[in-house]
Every structure is written in structure tokens, then in C-alpha cells.
Amino acid sequence: MKETGRVPAGTPSGFFTAVLARRKTTERRAGRAPRKGADVKKAYRALSRTEILEYLEEPWESFHTGLLQEAKETHRRENGDRLIASAMLGFDNICRNQCLYCGMRAGNVAIPRYRMEPEEILSLFSAAAKTGLTRAFLISGEDPKFGFDRLCRLVSDLKRNGAAHVSLACGEFEKAQFAELRAAGADEYVLKFEMAQEEVFNRLNPSTDFRRRMRAIESIRELGIPLASGDIVGYPGQTLSMLAEDIDRMRELEISWAPVIPYMPAANTPLAAEGGPGNVEWIWRTIALLRVMMPGVRITAGQPGRDLREGLAGREGNLAALAAGADLLFADLLPASRAADFRVVDNRILAGLDHIREIARESGMRLVL
Ligand code: SF4
């Protein structure tokens, strides 16, 4: 194991720093304290699994005028109607796993593979910092050859350069490794449980297993690392009762961020042969339920609309998710030449900060960089 020291609190120097310093000055002048991260333990509405299911089954019209409006109102009241923008980079699309729904599964020989060098990754985040983005989300396939020590150094370098918040989604690790990532400065780790039903998970994720996944998730929690986790919504064979169990599991895990998206069939994957895309109404209901149950949680607003060809950056899908209580959009840093290769889902369309600003303007929400 490598030796890493936790990045010391203090004054960081680097590409994110100038942005943060400017922001603090502005907030001081405006007479308000800089906002800290969302408090995920804010007052919540306790819903039993049965009640969650009732809301999932409720006719759309009454759900729309009832819980969906309550969710948006909760977000306005508890979080000041913030819309958080974060930089995101899929830095490595090589994966040893075989998840049946994922276009990046090892068995898919149809996509070109790449592994970025740390210098390139840092340079892309440096460019993002110049546009005002201070949050970083690093995502990759499970690629042991990237090197765990290099990953820790990368996190440490981002923090040393003043990144305000670094989230990582790089697959399953041992508890000691999660501790090293934390020591290197990781603020949050993303590990989805995908589905709360053990037998379904084991069928759709044949290169790992449910107990191992949940042990990894528990390790993250035991270390006190904020956990981002969630499910896939509307994959072939999922019922509303199973979705209710997933939503309840997110509550039990006290997640910091719900990276939920609907199922979208990816080319050359086994699950694509079993059925079509998930119903987008299911994701809007999921978002609204999560918001009323966990007011402070961040929820992905990069959602598809009814036209899946627009991918996760379509105007309709993003605005609908925000109207249901979501609050997080990503500026994708991937160079256009590689956009189609980071193919967890098909129809990947690169959206940048301009797109997020436009969505913030249209939705009337308060943009937080
Ligand atoms: S979902 Fe993640 S772990 Fe599974 S194949 Fe895709 S990239 Fe790999």
C-alpha cells in the first residue's frame, strides 16, 4: 500500500484556488457565509415501503399535482432551489466487469478503449476551473491497470490544486483502499447497489456479487466517507415493488447523492435483447420521492426526456428532473473525439457549462458552481 497523507486543510494553491477565493470575497460582500455541503440529515418525511409503492402506483395526474409539487417545494425551502454544476470526466473506459446492461462491459469489443494519463486529466480539470467549476467527479471502468497509487495521487493533486469537492466512481475496492482514497482527499465515493434484490443483482452483474458489493458499500460508510449510491430505474423485469425497495434502500444507506438514471438499452449488451428503455415517469417519481424523504440529498438531473436520442443532456429531460426535485448537472470534460467511447449508455451527448447555465436560466434555479 502506498503512503498517503491527508491533504492538509489550509490554503490550497492551484487552478481551482482563484475561483474559490473570488467566490468567498463575493459572499462576504453579500453578507452571507459561504454555503457548506448539503446536510443530508435534514428533516425528512418518513415513508414506509408500502407508502412508497402507493406513490409509484398513483395515477400520474394526482402524483403530478401532489407529491411532485411537494418535492419541488421541499427543495426550494430546504436548499434554496440550488442547481449544482460539477465537472465530470470519464478518464478510463477499460473495465474488467461484465455487467449485462453496460456498454463498457469487458465483453463489448465494439468500442475503442482508452486510459488517460494523469497529466491529461489534470489539464482538463484545470481548464474547467478557469470556467468557474470547482467540483470534480472522476469516473472510470474497473481498470486495475490504471494503478491504485496513481488514482490516489490524482485525487491528492486535484485537492492540492484547490478542488472544492472530489467524487470518485472507479469500482469496488477493499476497505483499506477506500481509507487511502479518503486520506488522499476524496470527499465522496460513488458505488451503486444497482438493485436491492440479491438474485437479480447476481444475474445482471456476473463478475461480482451482491454481498461483495454491499460489503464494499458498508466499508465506505464505516469509514465515514459520504456515500453516493442508487439504482437503475425501469430495466427489463423490474417491477414497481422492486423499485420501491430500491428507494427504501437509498434511504437506509443515508446517501449523500443519488446517481439514479433510467435504464437505456446499450448496443451490444445482453440486457438490450430482453427489453426496451425504462419509463421516464418512473424516474421522475423516484426523484420526487427521494427529495421528500431526504431533503438535503443531491439528485442527478442529467436525465433523458422521452426522446432517448438526446441522451442525458436533453433540455426536456433535464428540466423535468429539476421540476421533480433533482439538483445536479455535469459539465462533461471528455474531448469530443472520445465522447462516444465512454459508453455506459448510448447516445452520449457532451454538455458543458453553457448548457447548465441555460437550464438554470430556464428553470429559474440558483446556480452553484
Ligand atoms: S457498470 Fe461499471 S463495472 Fe459494470 S461493466 Fe460498466 S463500467 Fe464496468
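Author: Helices here are DSSP runs of H or I with at least four residues, strands are E runs of at least two, and both are numbered from the N terminus. Keep in mind that this is a predicted model, where local features need pLDDT of at least 70, side-chain atom pairs count only at 80 or more, and totals for chains, interfaces and linings use all residues. Numbering starts from 1 along each chain as its sequence is written.

Helix 6 covers residues 148-160 and helix 7 covers residues 175-184; their axes come within 8 Å and cross at roughly 25°. Helix 6 is therefore roughly parallel to helix 7 (under 35 degrees; over 145 is roughly antiparallel, 65 to 115 roughly perpendicular, the rest oblique). Axes are fitted to C-alpha atoms over the stretch in contact, with angles of 0 to 180 degrees between N-to-C directions.

Who touches whom? On the helix 6 side you'll find Phe 148, Cys 152, Val 155 and Ser 156. Facing them from helix 7 are Gln 177, Glu 180, Leu 181 and Ala 184, with contact meaning C-beta atoms, placed from the backbone, within 7 Å.

Now move along to Glu 194, which sits in the loop between strand 4 (188-190) and helix 8 (198-204). Its phi is near 70°, a positive value in a residue that isn't glycine. Most residues other than glycine have a negative phi. Glu 194 counts as buried because it has 20 C-beta neighbours inside 10 Å (20 or more is buried, 12 or fewer exposed, anything between partly exposed, with C-beta atoms placed from the backbone).

Follow the chain out of helix 8 and you get to Asp 209, in the loop between helix 8 and helix 9 (210-222). Asp 209 is partly exposed because 13 other C-beta atoms lie within 10 Å. Glu 199 and Asp 209 are 10 residues apart along the chain, and their C-alpha atoms are separated by 9.2 Å. For Glu 199 and Phe 210, the figures are 11 residues in sequence and 8.0 Å in space, C-alpha to C-alpha.

Glu 254 lies in the loop between helix 10 (240-252) and strand 7 (257-258). It has 14 C-beta neighbours inside 10 Å, so Glu 254 counts as partly exposed, whereas Glu 194 is buried.

Zooming out, Trp 60 belongs to helix 3 (residues 60-65). With 11 C-beta neighbours inside 10 Å, Trp 60 counts as exposed. Still, Trp 60 and Glu 281 lie 8.3 Å apart, C-alpha to C-alpha, despite being 221 residues apart in sequence. Across the protein chain, 78% of the contacts with a separation of 6 or more link residues 24 or more positions apart.

There's a ligand as well, and the residues around it are Cys 95, Asn 97, Cys 99, Cys 102, Met 104, Arg 105, Gly 141, Glu 142, Gly 171 and Val 344 (C-beta, placed from the backbone, within 6 Å).

As for the whole, the protein chain has 13 helices and 11 strands, and buried residues make up 46% of its 369 residues. Mean pLDDT, the predictor's confidence per residue from 0 to 100, is 88, and 88% of residues reach 70 or more. Two stretches stay under 50: residues 1-12, with 22 contacts beyond four places in sequence, and residues 29-41, with 13 such contacts.
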